[in-house]
Amino acid sequence: MNSRTKVIHIEGLVGAMEMSIDLPDELKSDPAFMVRGLALVAHPHPLMGGTMDNKVAQTMARAFNQLGYVSVRPNFRGVGGTAGVHDDGVGELEDLLHVTDWMRTPSSWSQFDVTANQAWVASSNILPLVVSGFSFGSFVGSHLVQRLADLGRPAERLVMVGSAAGKWTLAAVPADTILIHGELDETIPLIDVLDWARPQELTVQVVPGADHFFHRRLHCIRNIITGAWLGMPDHRTSSEN
């Protein structure tokens with residue numbers, strides 16, 4: 001854990017939920033810094049050792065921090081300090097929807113010392129929201145983005161790493177979804193992801209030599225995510241014009 005990370009607990013649908021909040025560096029010295037948006041990061045399968053502290057999930061969160069986003073990494077049901085038991089993605093989807101509601105409520109942030117006096121908190125209800133997930137988290141994340149769109153409050157973008165194609169039924173995703181996959185992924189073969197992406201005409205960004213957990217390739221995830229944001233609209237700039 002680094003100095004920008006704060007572990008908190010909120011009330012979830014089945015009890016306490018444990019989450020890590022990762023803040024952009026700029027907020028350490030400037031509480032008036034206006035963040036670019038909020039980013040939700042979903043971790044891999046709980047029954048296979050997945051937690052919010054997974055290295056890929058942490059890498060994704062820090063990439064969003066570099067872009068000016070506040071990142072939130074919740075533990076799924078039954079993991080760490082989060083109550084409940086694994087629910088095969090059903091309850092986990094409802095939990096993530098609950099977390100997005102929490103993230104978009106200014107009073108949620110004002111109760112914690114680490115964010116209470118920061119200027120961006122007052123506008124958290126209108127900030128862009130990015131949804132991202134690794135492996136099982138990408139499966140739940142795909143359905144969350146679909147649900148948010150159906151509710152009329154769409155996510156700004158979806159990022160899927162080690163996409164769970166072939167293991168779980170993924171929702172159809174937006175055309176600008178960022179798909180990152182390892183060439184040598186032994187858990188979710190690349191061909192399964194390509195077969196899923198092909199009819200949707202989605203681009204898959206393949207990291208040569210990377211396995212499922214991107215050992216020695218984590219920097220590639222960071223570089224792809226930060227590079228994908230080049231030229232994207234930034235509400236901070238547009239609001240000044």
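## An aromatic cluster

Phe76, Phe136, Phe139 and Trp168 are joined into a cluster by ring pairs. Rings of Phe, Tyr and Trp (its six-membered ring) pair if their centres lie within 6.5 Å; planes under 30 degrees apart are stacked, over 60 edge-to-face, and the rest tilted. This is a predicted model: local features need pLDDT of at least 70, and side-chain atom pairs count only at pLDDT 80 or more, while totals for chains, interfaces and linings use all residues. Residues are numbered from 1 along each chain as its sequence is written, and side-chain values use heavy atoms, with hydrogens and water left out.

The whole structure holds 11 aromatic pairs. One of them joins phenylalanine 136 and tryptophan 168 edge-to-face, at 5.3 Å centre to centre and 75° between the planes. This pair links distant parts of the chain, 32 residues apart. Phenylalanine 136 is in helix H5 (residues 136–150). Tryptophan 168 is in the loop between strand E6 (157–161) and strand E7 (178–182). Helices (H or I, at least four residues) and strands (E, at least two) are DSSP runs, numbered from the N terminus.

Phenylalanine 139 and tryptophan 168 form a stacked pair, with 5.8 Å between centres and 15° between planes. Phenylalanine 139 lies in H5 and tryptophan 168 in the E6–E7 loop, so this pair ties together parts 29 residues apart in sequence.

How buried or exposed are these rings? Phenylalanine 136 is buried, at 0% relative accessible area. Phenylalanine 139 is buried too, at 10%. Tryptophan 168 is partly exposed, at 22%. Buried means under 20% relative accessible area, exposed over 50%, and partly exposed in between (1.4 Å probe, protein chains only).

## Helices H2 and H7

The axes of helix H2 (residues 55–66) and helix H7 (residues 218–228) come within 9 Å and cross at roughly 35°. Axes are lines fitted to C-alpha atoms, for helices over the stretch in contact; angles run from 0 to 180 degrees between N-to-C directions. The crossing is right-handed: the near helix is turned clockwise from the far one by less than a right angle.

From H2, the residues that meet H7 include Val56, Met60 and Phe64. Their partners in H7 include Leu218, Ile221 and Ile225. The contact residues divide into seven nonpolar, three polar and two charged. Ala, Val, Leu, Ile, Met, Phe, Trp, Tyr, Cys and Pro count as nonpolar, Asp, Glu, Lys and Arg as charged, and the others, Gly among them, as polar.

The buried residues of H7 include Cys220, Ile224 and Ala228. H7's buried residues pack against H2, E6, E7 and strand E8 (204–207).

Phenylalanine 214 is buried, at 0%, whereas arginine 216 is exposed, at 73%.

## Helix H3

Helix H3 (residues 90–103) has 14 residues. Its first and last C-alpha atoms are 20 Å apart, close to the expected 20 Å. That expected span is 1.5 Å times one less than the number of residues.

H3 is mostly covered, with 10 of its 14 residues buried. Among them are Leu93, Leu96, Leu97 and Trp102.

## Threonine 115

Where is threonine 115? The loop between helix H4 (106–110) and strand E5 (129–134) holds threonine 115. Threonine 115 is buried, at 0%. Beyond its neighbours within four places in sequence, threonine 115 is in contact (heavy atoms within 4.5 Å) with Leu23, Trp109, Trp120 and Val121.
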